[in-house]
Amino acid sequence: MACRRLISLLLLFAPLAACASTLQPEARPDAAQRMADQAIVYNESYAKAVTGQILLNILRARDRQPRYYLSMSGITDDSTNGRSASADIGGVPLGNPGNPWGVFSFGGSRYYESNPAYKVEPFDKDTLAKAIFNPTDSTVFTHYWQGGWPRDMLVLMLVDHITRIAPGAAAGKYVVQDFENEANNIANDCNDDVKSSGCDFVRAMREMLNAAAAAEARDTSADDRSKQLRKDCQPLDDYTQDGKLLQAAYERLAKVCQPRLELPGAVYVLNLRSFDEAVYYVGELLRPAVTQKVSGEMSAQVNVRAAGLKGGGAGVPLFRLLSESKASAELSGDQRSRFAASVLYGGVRFYAGAPVGRACAAANSDVCADDAARGDRTSSVLSLLSELLSLNQSPEAIKPPARSVR
């Protein structure tokens with residue numbers, strides 16, 4: 001009799017046990033927060049993967065090692081939701097008529113499993129050529145130039161050489177000069193004591209940028225300022241010497257559209273380099289610092305305007321690379337995750353792109369000091385390279401931006 005009652009009660013409560021697992025569905029706010037948190041985690045993971053790959057290839061370029069680029073697909077989340085239920089019977093004293101049923105315990109729970117998936121593979125030959133080895137599109141350069149990016153950084157990173165055309169001593173004659181952006185012979189921020197082709201480029205660049213800033217300060221119309229940067233897609237017939245067209249100077253410029261900066265007293269044609277050439281250039285800049293590094297730090301031998309320093313100042317290295325011990329001294333513990341990139345290379349962990357948060361009218365001895373640590377531009381370099389890598393992969397992405405000048 002007792003057994004029959006027990007079986008009957010179990011059959012009675014079995015559906016309730018199944019229902020117990022469905023009576024407490026996951027609250028919508030919890031699901032929304034989980035999705036938001038996961039999106040942030042995937043965003044950070046993707047950023048670390050892309051910047052880490054760029055940093056790895058910069059180190060390879062520094063050591064004259066082959067560079068390899070991989071395509072990383074978007075991250076997808078094949079999540080799994082489920083429910084579990086249980087029913088336990090404890091202490092069933094079948095021989096006790098006063099308590100024949102014992103103690104019943106029912107339980108239910110939900111579980112969630114996240115299964116992120118992504119794919120890393122080499123670029124196909126067409127994408128590799130367009131994204132990695134073709135020169136940067138002139139409209140992309142113009143977009144960054146007019147978009148508020150540090151112009152000294154843009155020119156150093158993306159311009160292979162500058163062609164400067166200026167009026168000569170006699171009427172109708174012009175002086176044409178080429179300045180090569182050679183990283184191997186750039187040293188000591190190109191002060192007056194350094195005589196090299198690389199520093200000739202840096203001095204010509206600074207002269208050009210100062211002239212551009214002065215011309216923009218005089219112009220009140222944004223439209224007038226935007227007309228300074230144009231495209232040079234064919235020989236310029238109005239530049240002649242001894243009545244002959246300067247074919248030698250413009251033969252290569254006729255094949256590829258290049259940005260042309262028209263300033264009072266001179267015209268500058270900017271011959272752009274590819275993404276891979278930009279990566280290799282940064283690696284070249286770090287080579288002299290390998291033997292000159294101090295306390296685990298390697299820095300480019302040319303300066304750009306310090307980050308967040310509106311007054312300009314003397315500037316900071318274009319790129320700065322730290323060993324793990326040096327990075328730990330600047331940001332200890334978990335804060336090291338705030339560096340823009342880190343990579344294990346040759347058994348050593350390297351960090352690049354320390355966070356910089358400041359806005360200063362001029363340099364001083366406090367947080368606004370014009371030094372490498374507090375004005376680090378490395379994260380901007382990594383950001384620029386990451387964006388170029390993404391832009392170059394999509395035919396739609398490299399259409400002329402809205403701010404480009406035709």
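The model is predicted, so local features need pLDDT of at least 70 and side-chain atom pairs count only at pLDDT 80 or more, while totals for chains, interfaces and linings use all residues. Residues are numbered from 1 along each chain as its sequence is written, and side-chain values use heavy atoms, with hydrogens and water left out.

**Overall make-up**
- The protein chain has 11 helices and 19 strands; helices (H or I, at least four residues) and strands (E, at least two) are DSSP runs numbered from the N terminus.
- Of the 406 residues in the protein chain, 38% are buried (under 20% relative accessible area; exposed is over 50% and partly exposed in between, with a 1.4 Å probe and protein chains only).
- Among contacts (heavy atoms within 4.5 Å) between residues at least 6 apart in sequence, 66% join residues at least 24 apart.

**Largest pocket**
- A pocket is an open set of points on a 1 Å grid over the protein atoms alone, where a 1.4 Å probe fits, with protein on both sides within 12 Å along at least five of seven lines; lining residues have an atom within 4 Å of a point.
- The largest pocket holds about 490 Å³ of space, a volume being the space filled by probe spheres set on the points, which are joined across faces, edges and corners.
- Its lining has 22 residues, and Pro 150, Arg 151, Asp 152, Leu 209 and Arg 305 lie nearest the centre.
- H4 (138-146), H5 (151-158), H6 (197-218) and strand S15 (303-304) each supply at least two lining residues, and H6 gives the most, with 6.
- In H5, 7 of the 8 residues are buried, among them Asp 152 and Met 153.

**Aromatic rings**
- There are 4 aromatic pairs (rings of Phe, Tyr and Trp, the last by its six-membered ring, with centres within 6.5 Å; planes under 30 degrees apart are stacked, over 60 edge-to-face, the rest tilted).
- One of the pairs, Tyr 69 and Phe 275, is edge-to-face, at 5.6 Å centre to centre and 65° between the planes.
- Tyr 69 is in the loop between H2 (28-62) and S1 (70-72), and Phe 275 is in H9 (275-292), 206 residues apart.
- Both Tyr 69 and Phe 275 are buried.
- The charged end of Arg 273 sits over the ring of Tyr 281, 4.5 Å from its centre (NZ of Lys or CZ of Arg within 6 Å of the ring centre and within 35 degrees of the ring normal).

**Gln 65**
- Gln 65 is in the loop between H2 and S1 and counts as partly exposed because its relative accessibility is 40%.
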